[in-house]
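Reader: I am new to reading protein models. Please take me through one part closely, step by step.

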Amino acid sequence: MQVRASYTRFSLEMLEKLPGHQRERALSKLPAAVVTGVRAALPMSWVDLDWHLQLDEALLETLGAVEYERLCARMTLEFMHRPLIAPLTGLGRRLLHHRPLGLLERVPLAWGLVFKDVGSLSVRALGSNGAELSLSGLPERVATSRGFALGVVGTLRAITEYTDVTADVSEIEPGKRFRVAWTT
């Protein structure tokens, strides 16, 4: 189970931007080796997904579910504006404005670029105003991680927000199936 270091480094950056007391609380929940390992990793390298899951859980425990999900949505939006990513996401936004399904249908490709040996993601349209996303073949550690599941929910919220639609994102099956319904 591996993840691109840039993705995990970005989570650590977001943790480090928290107000002092929250930042210290979250950092105290992480082994020093995780923090130094994430900081030292080259952005396009692969790192142990367990590092990322530990970051997720530390943030979730520190912030609570609602704030953590909001942070994940904000992180996704900020990540989409990063210099190397922005040209692609900007083009996608212009082409898929008010069409979240088109962007959601590209998430499985992104999954494969970000995660290695972490199962797969599929998208099924639910008419013109909804989609269901399913994760399959997940390792047990990922399937049972509440932080990971809420991170997916936050990411899906950000994707629909990026296409300028209002959406409801919900878990159908905790950590495995998600429904996104929007209005245009």
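In what order do the strands of the open sheet of three strands lie, and is their pairing parallel or antiparallel? Please go on to what surrounds that sheet.

Author: This is a predicted model, so residues are numbered from 1 along each chain as its sequence is written, and local features need pLDDT of at least 70, side-chain atom pairs pLDDT 80 or more, while totals for chains, interfaces and linings use all residues. Side-chain values use heavy atoms, with hydrogens and water left out.

The open sheet has the order 2-1-3, and its pairing is antiparallel. Helices (H or I, at least four residues) and strands (E, at least two) are DSSP runs, numbered from the N terminus. Two strands pair if DSSP finds at least two bridges between them. Strand 2 (46-48) and strand 3 (115-116) are the edge strands, each pairing on one side only. Take strand 1 (residues 2-4) next. It pairs with strand 3 in the antiparallel sense, over two bridges.

Touching, or contact, means heavy atoms within 4.5 Å. Axes are lines fitted to C-alpha atoms, for helices over the stretch in contact, and angles run from 0 to 180 degrees between N-to-C directions. Helix 4 also lies across strand 1, strand 2 and strand 3. It runs at about 65° to strand 2.

Start with helix 1. It packs with helix 2 (residues 20-28) at an angle of about 135°, and their axes are 8 Å apart. That angle makes helix 1 oblique to helix 2. Angles under 35 degrees count as roughly parallel, over 145 as roughly antiparallel, 65 to 115 as roughly perpendicular and the rest as oblique. Leu-12, Leu-15 and Glu-16 of helix 1 meet Arg-23, Ala-26 and Leu-27 of helix 2. By class, this contact has four nonpolar, no polar and two charged residues. Here Ala, Val, Leu, Ile, Met, Phe, Trp, Tyr, Cys and Pro count as nonpolar, Asp, Glu, Lys and Arg as charged, and the others, Gly among them, as polar.

Turn to helix 4 (residues 49-63). Its axis comes within 8 Å of the axis of helix 10 (residues 146-162), and the two cross at roughly 85°. Helix 4 is therefore roughly perpendicular to helix 10. From helix 4, the contact uses Leu-53, Asp-56, Glu-57 and Leu-60; from helix 10 it uses Arg-146, Gly-147, Phe-148 and Leu-150. Those residues divide into four nonpolar, one polar and three charged.

Follow helix 10 to its end. Thr-163 lies in the loop between helix 10 and strand 6 (166-173). Thr-163 counts as buried, at 0% relative accessibility. Buried means under 20% relative accessible area, exposed over 50%, partly exposed in between (1.4 Å probe, protein chains only). The side chain of Thr-163 reaches the backbone oxygen of Thr-160 at 2.8 Å. Asp-164 sits in that loop between helix 10 and strand 6 too. It has a positive phi of about 65° although it is not a glycine. Asp-164 is partly exposed, at 34%.

The loop between strand 3 and strand 4 holds Asp-117. Asp-117 is not a glycine, yet it has a positive phi of about 60°. It is exposed, with a relative accessible area of 57%. Val-118 lies in the loop between strand 3 and strand 4 as well, but Val-118 is buried at 0%. Not counting residues up to four places away in sequence, Val-118 touches Met-1, Gln-2, Leu-49, Trp-111, Gly-137, Leu-138, Pro-139 and Val-142.

Strand 4 (residues 120-125) pairs with strand 5 (residues 130-136) in the antiparallel sense over six bridges. The two strands form a hairpin with four residues between them, and Gly-127 in the turn has a positive phi of about 75°. Arg-124 has Glu-132 in strand 5 as its bridge partner. Glu-132 is buried at 6%. Its side chain makes a polar contact with the side chain of Arg-177 (3.2 Å). A polar contact is a pair of N or O atoms within 3.5 Å; within protein, one must be able to donate a hydrogen and the other to accept it, and residues adjacent in sequence count only if both atoms are side-chain atoms.
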